[in-house]
Amino acid sequence: MKHSIAGFIVWLFCIQATFSQSTTSSGTTRLPRIAITGLGIESSTFSPAVTREEAFHAKYGDNVFTSYPFLNAGAPFRQQATWLPALVGKSLPGGAVTRDAYESLVKQTLDLLKKNGPYDGLYLDIHGAMSVVGLDDPEGDYITRIRSVIGYNTLLSTSMDLHGNVSWRLAQNADLITCYRMAPHEDAMQTKERAVVNLLDRLKTGKGKPAYKAWIPVPILLPGEKTSTRIEPGKSLYKKVEPASTQPGIVDAAIWIGYAWADEPRNHAVVMVTGDDKQKVTTTAEKLALDFWNVRSDFDFVAPTGTLEACLAKALASPKHPFFISDTGDNPTAGGAGDVTWTLTQLLARPEFQRADGPSLIYASIPDPDLVKKAIAAGVGGTVDGLAGARVDARFAKPVRLKGTVESIVNGDKDAEVEVVVKVGSIHVIVTQKRKPYHKENDFTRLGLKPREASIVVVKIGYLEPELYAMQAGWIMALTPGGVDQDLFRLPYKRIKRPMFPFDKAMNQPNLTAQLVPLSGVTK
């Protein structure tokens, strides 16, 4: 009897989806009405930084389309639906979002969704690793509140970062769900497009909600720098995802690594498969989960690692230039505060770099609005003298004194706002109004710097993004302190579910049986 009731519910949802594609009274086919919304950030609970509303640079209405080239005016997908963008906000990774900022952004989203409803579908663009002060599982809360406005007849398709977290609540309220298959995330836009294609297909064909969603929590918590798809075993593991997702009866398959620098019960790896063939959905999910578990001990850093001192020794001895050093512990692309001065303090104390004709080193970067003001007052070619950094995260080192020549002053992007270069000895220190990650060659050349000619480039980053990776002649990751410390054993986890690999290496084989998630709007 239970199976027949469940089958009837699936049939009913499919019929409702089919009706959403019905013709109008004049006999013309009505385009599906699809909303677009989303909030994205990766935020560390091990950083003292907080993220405020303005950091999301929210886009509203038609401005939202600028984030999705495949929905540009004239693009084929743009013509296949009536698109109704609400609010899409994306923040540079950082600390936990303040509750006021979260509530404000969610309220604006809900108000806009109420204004333009009803909807046949909704595309939800999230990261999946947002932390909010005083709130567990923000994305689960966010999607539940969206459902309270759009209801459960609306087909909801979600795209995520593979470093996001998929709670049971998020899985239940999403109908279609997918995530990146590459780290670094060279397929980010491709993934967002896939989420939209899946949504359009299920609406146009009248298939509606996939009948089955298999969810498997995998008790592994590793940093992205150990699970990159550039190297094994991540490379082979993620190569299995696409063929798994294209089987008949499957809509999508995905593996989430999870986010390692937040301390919540939802922080762990997850496998999800959606589709209409129950057996294929469950067996595919279980195979991917088991494959993941079986290679857990093979994951290792994507580059050589060492202490900062050891990394500098290798860089200085290398005949290959530029030699890149990743200052990993305060990486702003993973949620670091960005203003930890520990590494810069060590560099400035090194005698090799205290002469102007010493080894050329570029340091990117340290945020400090006060020093930027002083540099602007001094002007290009002038001398600036002041403290920088450690205004937010002073746990590992104090603000560092920079006394040197101002080499350039440039209006920055929406993250940095203003960027200056101060030369201290042979070190070119990039100082920004607000924190900014440096991951493209143009980030340096627009400041008058020549990274390809530098002996050493130190970047606050983890694995090198594609342009930097292509530029480096040598590379090593320094295991430095900060809110996104790569040595997870140094972080004070209290709330993640245990046992968890690698913290409990002797743990027993976990239960990797697929759990079938109820359709959205259906409770067990």
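Colleague: Is serine 157 buried or exposed, and what is its relative accessible area?
Modeller: Serine 157 lies in strand β8, residues 155-160. Strands are DSSP runs of E with at least two residues, helices are runs of H or I with at least four, and both are numbered from the N terminus. Buried means under 20% relative accessible area, exposed over 50%, partly exposed in between, with a 1.4 Å probe and protein chains only. Serine 157 is buried, and its value is 1%.

Colleague: What pLDDT do side-chain atom pairs need in this predicted model?
Modeller: Residues are numbered from 1 along each chain as its sequence is written, and side-chain values use heavy atoms, with hydrogens and water left out. The model is predicted: totals for chains, interfaces and linings use all residues, local features need pLDDT of at least 70, and side-chain atom pairs count only at pLDDT 80 or more.

Colleague: Which residues does serine 157 touch, beyond those up to four places away in sequence?
Modeller: Contact means heavy atoms within 4.5 Å. Proline 265 is 108 residues away along the chain, with its C-alpha 24 Å from that of serine 157. The residues touched are Leu122, Tyr123, Leu124, Leu176, Ala195 and Leu199.

Colleague: Why is strand β18 largely enclosed by the rest of the structure?
Modeller: β18 covers residues 418-424. It is largely enclosed because, of its seven residues, the number buried is six.

Colleague: Which residue of β18 is the bridge partner of valine 410?
Modeller: Two strands pair if DSSP finds at least two bridges between them. β17 (residues 400-411) and β18 run antiparallel over six bridges. Isoleucine 409 stands opposite valine 420. The partner of valine 410 is glutamate 419.

Colleague: What is the phi of glutamate 417 in the turn between β17 and β18?
Modeller: These strands form a hairpin with six residues between them. Glutamate 417 has a positive phi of about 70 degrees.

Colleague: Which residue takes a positive phi in the hairpin of β18 and β19?
Modeller: β18 and β19 (residues 427-432) pair antiparallel over six bridges. Valine 420 has valine 431 as its partner there. Two residues separate the strands, and the one with a positive phi, near 65 degrees, is glycine 425.

Colleague: Which residue of β17 is the bridge partner of valine 384?
Modeller: β16 (residues 383-388) joins β17 through six bridges, and the two run antiparallel. Valine 384 is partnered by glycine 404.

Colleague: What is the radius of gyration of the protein?
Modeller: The protein has 13 helices and 22 strands. The globule rule, 2.2 Å times the number of residues to the power 0.38, is compared with a radius over C-alpha atoms. For 524 residues the rule gives 24 Å and the model is close to it, so the protein is as compact as a globular protein of that length, with a radius of 24 Å.
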